[in-house]
Amino acid sequence: MTASDPHYSAPRPRGSSLAGKAYWAMVQRVTVIAGAIDVGYIFLFAWLGASTLAWINVLSVLLYAAAYGLIGRKQNTLALLLIWFEVMAHAAIGSLLIGWDSGFHYFLLLFIPAIVVANSRGFSAPIVLGLLLYYLGLKAVCDQWGPLTPLPGAELRTVFWVHVCLVFAMSASIAAFYRRAILSAERSLVEQAQTDALTGLRNRTGFQSQASEALARSQALGESVAVLLGDVDHFKQFNDRHGHEAGDRVLIHVARTLQTHARGGDLLARWGGEEFLLLMPGCTQAQAEAAAERIRQAVVGTQIPIDGAEVPLSLSLGVACLGPEESLQSGISRADRALYDSKHAGRNRVTLALPLAVPA
Ligand SMILES: Nc1nc2c(ncn2[C@@H]2O[C@H](COP(=O)(O)OP(=O)(O)OP(=O)(O)O)[C@@H](O)[C@H]2O)c(=O)[nH]1
């Protein structure tokens with residue numbers, strides 16, 4: 001693989017588009033559920049002898065089917081308007097025909113969380129206020145003129161209980177949807193905060209959040225742990241000569257090379273600008289030195305094609321094997337001093353850190 005490989009592109013930020021897709025997938029599921037509920041209503045109202053309401057539910061099923069199709073064709077706004085129209089008209093006609101006590105109006109309340117949470121354009125307050133006015137207006141109209149086709153008491157109570165149960169179930173599932181969306185956004189933010197956007201490796205924060213635990217585990221098992229610090233040679237010169245974008249491609253290339261050589265349990269991070277850190281649990285000094293040498297050779301063996309010419313590249317490395325109770329910070333400092341020695345000895349080499357000084 002070369003640095004000009006298409007795989008070298010930096011990872012894209014995640015999150016926002018997924019939330020949008022998840023929202024519309026949820027709305028599409030709602031059209032199916034609402035349509036199915038309305039099919040149930042057709043039978044319920046036919047059985048209760050409220051044939052007008054049964055026919056209105058036939059219309060509602062058709063509207064939900066149309067909204068489902070519109071979302072499938074990405075005409076989301078139109079679908080949403082259709083759903084709004086269906087719920088508002090259904091609540092109004094139902095309340096007027098069989099009375100406010102039927103509980104048809106409760107369905108209007110389901111819009112409140114959806115308006116507040118999903119409205120990204122800052123129009124929530126006026127829309128909720130409009131809904132409140134519609135709600136109160138409907139109550140006033142029902143008090144004045146309804147019910148136009150009243151149902152006997154027992155049947156009305158049945159409709160009321162069905163509505164209350166449905167509104168509870170729908171409120172709970174809307175809340176569950178938003179909870180899942182929040183948790184997923186939180187996970188994505190944590191991941192972004194711990195990931196280096198250029199190389200896709202862990203950044204310092206991501207490394208530190210996992211490294212202490214990995215080190216403690218290995219030290220508890222009595223395993224040796226090594227740290228390897230690598231730094232691209234003359235990178236400033238490279239940037240100055242070939243430009244920052246070419247420099248970025250080099251960093252991505254080095255990151256991929258390190259990833260290829262890291263083992264399953266190793267933790268790899270971009271430690272600084274052109275500096276990379278590899279924590280190798282269960283790795284002896286000899287194994288770590290051999291791994292560092294393989295990485296150095298892999299990097300030096302690469303010719304990065306820049307502006308039509310092959311540009312050489314090299315990496316200096318420092319390796320430290322941690323003492324049984326040595327802290328990660330101390331191990332990294334020793335690896336850093338070893339890396340500094342590599343640079344001073346002429347670069348493109350691996351240097352082993354001095355052993356940890358034993359207190360007298
Ligand atoms: N392209 C690019 N350059 C970066 C990035 N982060 C840091 N750098 C550059 O890396 C260079 C590091 O330069 P120095 O610390 O002097 O190191 P060097 O030139 O590699 O010299 P030696 O390490 O001594 O071999 C600076 O020019 C930074 O601007 C990055 O994300 N992309």
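Which residue in β5 is the bridge partner of I304? Keep that question in mind as you browse these close-ups of a predicted model; the hairpin view answers it.

**View 1**
The secondary structure of the protein comes to 12 helices and 7 strands. Its radius of gyration is 32 Å, well over the 21 Å that the globule rule gives for 360 residues, so the protein is more spread out than a compact globule. Along the principal axes, the C-alpha atoms fill a box of roughly 95 × 55 × 35 Å. The domain assignment gives domain 1 as residues 16-193 and domain 2 as residues 204-352. Between the C-alpha centres of these two domains the distance is 57 Å.

**View 1. The hairpin of β4 and β5.**
Here is the answer to the opening question: I304 has V311 as its bridge partner in β5. Strands β4 (residues 303-306) and β5 (residues 309-312) run antiparallel and are joined by 4 bridges. Together they form a hairpin with 2 residues between the strands. Look in the turn for D307, whose phi is positive, about 50°. As background, most residues other than glycine have a negative phi.

In general, strands of a sheet pair through backbone hydrogen bonds, either parallel or antiparallel.

**View 4**
Strand β2 runs antiparallel to β3 (residues 275-281), and 4 bridges join the two. Within this pair, L268 stands opposite L278 in β3.

**View 2. The shell around the ligand.**
There are 17 residues around the ligand, and D233, F235, K236, G247 and G273 come nearest. Two or more residues of the shell come from each of β1, α9 (235-242) and α10 (244-261). Sorted by class, the shell has 7 charged, 6 polar and 4 nonpolar residues.

**View 3. The loop with a cis peptide bond.**
Zoom in on P147, which sits in the loop between α6 (124-145) and α7 (153-193). The peptide bond from G146 to P147 is cis, with omega near -15°. For context, most peptide bonds are trans.

**View 4. The loop with K74.**
Where does K74 lie? Its place is in the loop between α2 (51-72) and α3 (76-98). The phi of K74 is near 65°, a positive value in a residue other than glycine.

Definitions and conventions:
Residues are numbered from 1 along each chain as its sequence is written. This is a predicted model: local features need pLDDT of at least 70, side-chain atom pairs count only at pLDDT 80 or more; totals for chains, interfaces and linings use all residues. Domain bounds come from an automatic or database domain assignment. Two strands pair if DSSP finds at least two bridges between them. A residue is near a molecule or strand if its C-beta atom, placed from the backbone, lies within 6 Å of it. Ala, Val, Leu, Ile, Met, Phe, Trp, Tyr, Cys and Pro count as nonpolar, Asp, Glu, Lys and Arg as charged, and the others, Gly among them, as polar. The radius of gyration is taken over C-alpha atoms; the globule rule is 2.2 Å times the number of residues to the power 0.38.
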